[in-house]
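Dear colleague,

I am handing over the structure that you will be working on. Please open it first, and then read the notes below alongside it.

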Amino acid sequence: MTKKSLKKQLIFLLLLIVGTVLILKNQAPFQTDQGLVFGTMYKITYQSDANLKNEIEAALKEVDFSLSPFNKKSVITQINNNVNMAADSLFIDVFTLAESISKETNGAFDITVAPLVNAWGFGFDSSTKVDSSTIDSLRQFIGFDKVSLHNGKIIKKDPRVMLDCSSIAKGYGVDQVARLFNKKGIENYMIDIGGELVMKGKNAKMNTWRIGINKPVEDSLSRNQELQTILEISNVGLATSGNYRNFYYKDGKKYAHTIDPRIGYPIQHNILSATVIAKDCATADAYATSFMVLGLDSAKAICNKHPELDAYFIYTTDKGTTETFFTEGMGRYIRKQ
């Protein structure tokens with residue numbers, strides 16, 4: 001290589017570096033907003049000249065007003081109280097998706113589980129003393145066959161039917177913020193509400209977003225941040241469900257917050273956590289809960305039936321060891337250590 005050609009290459013490289021720096025300088029900055037919603041923390045990072053926190057929180061308040069059973073004025077509270085009213089579009093979206101996933105999981109996902117969740121002490125109403133007769137009594141009005149949607153109204157076969165969308169509402173809230181960003185033409189963002197996420201585009205360093213899956217260590221205060229694996233991921237929704245943070249002990253027995261609506265009792269399966277990737281976060285959220293109810297073998301069968309879903313399971317073996325299983329599609333997201 002001659003000195004003249006080397007000089008040309010150095011000049012070209014210098015111009016390329018300077019051009020890249022100028023382009024990055026002219027890009028919109030990344031904003032980060034944080035706060036509390038749905039009883040948990042949210043953290044949202046997005047590339048925008050303007051700060052959108054007010055619009056973000058307005059979108060989340062719409063979801064809360066529609067789906068939160070803790071909100072005394074919400075649509076779902078009115079429905080649970082048997083007020084004769086039409087549901088809003090957000091509630092109808094979630095109800096329709098929940099009904100579809102309930103069918104796909106043979107009832108493992110069921111938002112009519114509210115009376116059972118309350119009875120076991122994990123819901124929006126005070127718990128009662130739970131015994132087999134209590135569970136048998138409550139199961140009489142559990143199931144999607146006891147509720148339907150007609151002309152925007154929820155019709156119950158029994159007025160004691162109550163709905164709880166907690167296993168899908170956070171994911172839907174994430175999707176609502178994503179829809180806000182998409183309407184505004186924002187190309188790069190990560191929305192995180194209590195570990196339910198949607199990622200699009202790139203992060204501030206123009207790299208693919210990286211998400212950690214926590215090791216399922218009993219941690220009711222959410223202090224443990226030890227990671228099982230790291231995913232490089234974008235343009236999808238992700239949700240993780242596990243019983244290692246929301247549980248209690250009574251008379252020496254552990255009670256997990258995930259209730260199997262088909263039998264009325266907290267689950268006792270060997271899955272410690274289920275992480276699901278789907279086209280949107282509400283779908284991922286609902287299937288992650290479903291997989292905790294179904295157990296590993298049935299969850300694998302659902303994934304085989306739905307190749308659009310990817311999943312990562314952490315589970316215990318009969319020998320007491322902790323193992324992992326992930327779908328073939330999930331493998332492309334796992335960062336090599």
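Two strands are said to pair if DSSP finds at least two bridges between them. With that in mind, Tyr312 can be found opposite Phe326 of strand 14. Please note that this is a predicted model.

Overall composition

The protein contains 9 helices and 14 strands. It has 337 residues, of which 49% count as buried. Among contacts in the protein with a separation of 6 or more, 59% join residues 24 or more positions apart.

An open sheet is formed by 8 strands, arranged in the order 1-2-5-6-9-12-13-14 with antiparallel pairing. Its edges are strand 1 (30-37) and strand 14 (322-326), each of which pairs on one side only. From one strand to the next, the twist averages 10°. As background, the strands of a sheet pair through backbone hydrogen bonds, either parallel or antiparallel.

On to the next pair: strand 12 and strand 13 are antiparallel over 6 bridges, with Ile277 opposite Asp310 of strand 13. Why is strand 12 described as largely enclosed by the rest of the structure? The reason is that 7 of its 8 residues are buried, where buried means under 20% relative accessible area.

Strand 13 and strand 14 also pair in the antiparallel sense, over 5 bridges. These two strands form a hairpin with 5 residues between them. In its turn, Gly320 has a positive phi of about 90°.

Helices lying across the strands

Helix 7 (residues 166-183) lies across strand 2, strand 5 and strand 6 (196-200). Its direction is at about 155° to strand 5. Helix 9 (residues 296-305) lies across strand 12 (271-278), strand 13 (310-316) and strand 14, and runs at about 170° to strand 13.

A pair of packed helices

Helix 4 (residues 89-104) packs with helix 8 (residues 281-294) at an angle of about 35°, and their axes are 11 Å apart. The crossing of helix 4 and helix 8 is right-handed. Helix 4 contributes Leu97, Ile101 and Glu104 to the contact, while helix 8 contributes Ala282, Thr283, Ala286, Tyr287 and Ser290. Sorted by class, this contact has 5 nonpolar, 2 polar and 1 charged residues.

Thr229 belongs to strand 8 (residues 227-233). Is Thr229 buried or exposed? Its relative accessible area is 6%, so Thr229 is buried, given that the cut-off is under 20%. The C-alpha atoms of Thr229 and Ile213 are separated by 5.5 Å, although these residues are 16 residues apart along the chain.

Yours sincerely

Definitions and conventions. Residues numbered from 1 in each chain as written. Predicted model: local features only at pLDDT ≥ 70, side-chain atom pairs only at ≥ 80, totals over all residues. Heavy atoms only, no water. Helix = DSSP H or I, 4+ residues; strand = E, 2+ residues; numbered from the N terminus. Buried < 20%, exposed > 50% of the residue type's maximum accessible area, 1.4 Å probe, protein only. Axes fitted to C-alpha atoms, helices over the stretch in contact; angles between N-to-C directions. Left-handed = near helix turned anticlockwise from the far one by under 90°. Contact = heavy atoms within 4.5 Å. Nonpolar A, V, L, I, M, F, W, Y, C, P; charged D, E, K, R; others polar.
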